[in-house]
Amino acid sequence: MPSAFRLDNVTRRYGSLRAVEEVSFEIKRGEQVALIGPSGSGKTTLIRLLNAMLSPDEGAIRVFDSDLDTCDAGELRRLRTTLATIPQHLGLVPTLTSIQNVILGQGGSRGTLRSLRDLLFPSRADALEIHTILDRVGIEEKLYTRVARLSGGQQQRVAIARALFQHPAALLADEPVSSVDPARARDTVKLLGELSAEHGFTLCVSLHDLALAREFFPRLIGMRKGRIVFDGAPDELGEEDQRALYDLSDEEMMADA
Ligand SMILES: Nc1ncnc2c1ncn2[C@@H]1O[C@H](COP(=O)(O)OP(=O)(O)O)[C@@H](O)[C@H]1O
Ligand SMILES: [Mg+2]
């Protein structure tokens, strides 16, 4: 499989702090990867590097067939439209309806005027497609409901629908399930994996919950203090690795088990 993302010795600093340090890896097209690691380990920064919203201070990033270093503004714009991102707090507009939020996701590729028109008067084709997508993610009856009136789990599904409507080559989700109960979080993570398999898009999800990452992802990339400390299959992640990731003492490991 050709690669979706390729990082070579990537470092990104904030002032003197190295949020991501000398990170190298490759994610193949269609792969499903969970980014794990404690808070502050660099997951969000890494996701923003992958979706070309941040540029590295050092190192090279290749996304699909483009070198982020050398691509021009037009190519970068085109690239960003193929990378759907679900940001940590979903980035929905609460006063707008589900369908409007989903349409807004294509703003980047349609131009301002057309987006505004589509937002106010969705075409029949768009409405039909969005209806099908909302049906697939299980909230088809919420098409015309304002997002503010939806539950946390339903809002996650609107954010997923918005990403799907972009027909992405890759979907990057930053702790998409941090604000709901465990059962709903599990459903949402499972759904993301199924959609990636159905549509063939590359999936990269940062997750706080290690158990969920292990259950649903064939590959885990573990970060700590900006560096990669683990990259492998869930069954390769031993106790030592978990300790290295989360710096847990023996007692904490025992209490966790
Ligand atoms: N905009 C920023 N300005 C300064 N420091 C930042 C900024 N964003 C993140 N950081 C710092 O970079 C490090 C990594 O943060 P982040 O990528 O958000 O980690 P995570 O998503 O794993 O919690 C943290 O120490 C954080 O405080
Ligand atoms: Mg984060």
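Modeller: The answer below begins with the ligand and ends with a group of helices.

The model is a predicted one, in which local features need pLDDT of at least 70 and side-chain atom pairs count only at pLDDT 80 or more, while totals for chains, interfaces and linings use all residues. Residues are numbered from 1 along each chain as its sequence is written, chains are lettered from A and ligands numbered from 1 in the order in which they are written, and side-chain values use heavy atoms, with hydrogens and water left out.

Around ligand 1 stand Tyr14, Leu17, Ala19, Pro38, Ser39, Gly40, Ser41, Gly42, Lys43, Thr44 and Thr45 (a residue is near if one of its heavy atoms lies within 4 Å). By class, this shell holds four nonpolar, six polar and one charged residues (Ala, Val, Leu, Ile, Met, Phe, Trp, Tyr, Cys and Pro count as nonpolar, Asp, Glu, Lys and Arg as charged, and the others, Gly among them, as polar). At least two shell residues come from each of β2 (17–28) and α1 (43–50), and α1 gives the largest share, three residues (helices, H or I, need at least four residues and strands, E, at least two in DSSP runs, numbered from the N terminus).

Polar contacts (pairs of N or O atoms within 3.5 Å) join protein and ligand. An oxygen atom of ligand 1 lies 2.6 Å from a backbone N or O atom of Gly40. For Gly42, a backbone N or O atom is 3.1 Å from an oxygen atom of the ligand. Thr44 takes part through its side chain, where an N or O atom is 2.8 Å from an oxygen atom of ligand 1. Of the 550 Å² of accessible area that ligand 1 has on its own, the protein covers 58% (Shrake-Rupley method, 1.4 Å probe).

As for the helices, α6 (residues 124–136) and α7 (residues 152–165) pack at an angle of about 130°, with their axes 10 Å apart (axes are lines fitted to C-alpha atoms over the stretch in contact, and angles run from 0 to 180 degrees between N-to-C directions). These two helices, α6 and α7, are therefore oblique to each other (angles under 35 degrees count as roughly parallel, over 145 as roughly antiparallel, 65 to 115 as roughly perpendicular and the rest as oblique). Helix α7 also packs with α8 (residues 182–199), at about 15° and with their axes 10 Å apart; α7 and α8 are therefore roughly parallel to each other.

Note on methods
A polar contact is a pair of N or O atoms within 3.5 Å; within protein, one must be able to donate a hydrogen and the other to accept it, and residues adjacent in sequence count only if both atoms are side-chain atoms.
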